[in-house]
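Work through the exercises below with the sequence and the model at hand. Each task is followed by a stepwise solution.

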Amino acid sequence: MAQPLEPAGFYLSGFLCLILAILKLRLEAHWSWWRVLLPFWAVLGHNILYITVGFVWLSFADDGTAEEEVTIRQGHGGYRYQLAALVCFVIFADNVLRRIEGSGETIWFWVSSGRWELIILFGILSVVLQLLFWSEVVGRRNRRIHGE
């Protein structure tokens with residue numbers, strides 16, 4: 001049974017980009033267009049990271065034998081990790097943009113300062129949360145230790 005593609009995240013990010021573009025043009029805000037498109041880049045980057053980590057995790061879970069296939073559990077377990085990973089990726093992308101554009105006034109104080117420590121921290125947190133998600137989704141009996 002094939003599941004339909006769910007583009008709700010892209011619709012929501014597109015709507016947020018539209019609102020930010022209207023605010024930029026109407027209020028003459030001094031945002032760059034990269035910052036206006038930040039919701040789209042965050043969802044796109046998060047999905048690329050999700051797919052990449054998923055392929056890596058599934059390649060380690062599949063031991064190459066034809067007798068047993070990798071079992072992916074259905075349900076809503078582990079999606080709190082996805083939400084947390086998306087938030088970390090948004091903060092990561094915002095810090096990267098702030099680093100590129102230069103420091104300025106921020107309402108998020110230190111979380112959005114554009115410091116290298118924060119870029120590395122939230123990048124690693126996003127990857128770790130993706131790994132935690134995939135560890136819950138792939139059944140335990142499919143995991144193998146490297147070298148077995």
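**Exercise 1.** Is His46 buried or exposed?

*Solution.* The model is predicted, so local features need pLDDT of at least 70 and side-chain atom pairs count only at pLDDT 80 or more, while totals for chains, interfaces and linings use all residues. Residues are numbered from 1 along each chain as its sequence is written, and side-chain values use heavy atoms, with hydrogens and water left out.

Step 1. Buried means under 20% relative accessible area, exposed over 50%, and partly exposed in between (1.4 Å probe, protein chains only).
Step 2. His46 has a relative accessible area of 7%, so His46 is buried.
Step 3. Find its place: His46 is in helix H3. Helices are DSSP runs of H or I with at least four residues, numbered from the N terminus.
Step 4. List the contacts (heavy atoms within 4.5 Å). Not counting residues up to four places away in sequence, His46 touches Gln82, Ala85, Leu86, Phe89 and Gln130.

**Exercise 2.** Determine whether Arg35 is buried or exposed, and list what Arg35 is in contact with.

*Solution.* Step 1. Arg35 lies in helix H2, residues 33–36.
Step 2. The relative accessible area of Arg35 is 14%, so Arg35 is buried.
Step 3. With neighbours within four places in sequence left aside, Arg35 is in contact with Leu20, Asp94, Leu97, Arg98 and Glu101.

**Exercise 3.** Describe the largest nonpolar core and say which element gives the most to it.

*Solution.* Step 1. A nonpolar core is a set of buried Ala, Val, Leu, Ile, Met, Phe, Trp, Tyr and Cys residues joined through side-chain atoms within 4.5 Å.
Step 2. The largest one has 17 residues, and Phe122, Leu129, Phe133 and Trp134 have the most contacts inside it.
Step 3. Two or more residues each come from helix H3 (38–61), helix H4 (79–101) and H5.
Step 4. H5 gives the most, with six residues.
Step 5. Take Phe122: aside from neighbours within four places in sequence, Phe122 is in contact with Cys88, Ile91, Phe92 and Asn95.

**Exercise 4.** How do H4 and H5 pack?

*Solution.* Step 1. Axes are lines fitted to C-alpha atoms over the stretch in contact, and angles run from 0 to 180 degrees between N-to-C directions.
Step 2. The angle between H4 and H5 is about 160 degrees, and their axes are 8 Å apart.
Step 3. H4 is therefore roughly antiparallel to H5, a term for angles over 145 degrees.

Key: Angles under 35 degrees count as roughly parallel, over 145 as roughly antiparallel, 65 to 115 as roughly perpendicular and the rest as oblique.
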